[in-house]
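Work through the exercises below with the sequence and coordinates open. Each task is followed by a stepwise solution.

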Amino acid sequence: MTDDTTVQRLVAAARAAREHAYAPYSHFAVGAALLDEQGRIHAGCNIENAAYPQSQCAEATALGQLVMAGGRRVVAAAVVGVAAQPVTPCGGCRQRLREFADDDMPVWVADLSTVRAQYTLGQLLPASFGPDHLEPR
Ligand code: THU
């Protein structure tokens, strides 16, 4: 369970991170914020590149922050973007999150004014491949 205050703090952190987006090519700014197992919030924005495939999603930036701060689990996530449809994590970022999160990890999807949707990671990435698959049998 993620309490309301924590959700609001996560969403606020993702909105603030989005302000830092470097998106001169898509002009599509995204912010993400992740709650770690110690209750700390780590945030990131998308960082694009003139060599387009080298661009980095907001979730990847936030994950780098979490790992560098010594975090090892993601217990809740918020993603903020502005579009007609709620801005959900891309497929690659669902897998990135999967490395550090359980299937029941909540993912809050918001824009600048409201939370527009809530999913679990398991809903976004069902029957996923993860670290357990690499354990010897
Ligand atoms: N983007 C993210 O940062 N996160 C997502 O999950 C969806 C897409 C970014 C990548 C690119 O910089 C821009 O949004 C347009 O695709």
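**Exercise 1.** Which residues have the most contacts inside the largest nonpolar core, and which elements supply it?

*Solution.* A nonpolar core is a set of buried Ala, Val, Leu, Ile, Met, Phe, Trp, Tyr and Cys residues joined through side-chain atoms within 4.5 Å; buried means under 20% relative accessible area (1.4 Å probe, protein chains only). In this predicted model, local features need pLDDT of at least 70 and side-chain atom pairs count only at pLDDT 80 or more, while totals for chains, interfaces and linings use all residues. Residues are numbered from 1 along each chain as its sequence is written, and side-chain values use heavy atoms, without hydrogens and water.

Step 1: the largest core holds 20 residues, and Leu-34, Leu-63, Val-74, Leu-97 and Met-105 have the most contacts inside it.
Step 2: at least two residues each come from strand E1 (31-36), helix H2 (58-68), strand E3 (74-80), strand E4 (106-110) and helix H4 (121-124). Helices (H or I, at least four residues) and strands (E, at least two) are DSSP runs, numbered from the N terminus.
Step 3: H2 contributes the most, four residues.
Step 4: a second, separate core has twelve residues, among them Val-7, Ala-13, Ala-33 and Val-80.

**Exercise 2.** With which residues is Met-105 in contact, leaving aside neighbours within four places in sequence?

*Solution.* Contact means heavy atoms within 4.5 Å. Met-105 then touches Val-74, Val-75, Ala-76, Ala-77, Leu-97, Tyr-119, Thr-120 and Leu-121.

**Exercise 3.** What pattern does the protein follow along the sequence?

*Solution.* The protein has four helices and five strands, in the order α-β-β-α-β-α-β-β-α.

Note on methods: Buried < 20%, exposed > 50% of the residue type's maximum accessible area, 1.4 Å probe, protein only.
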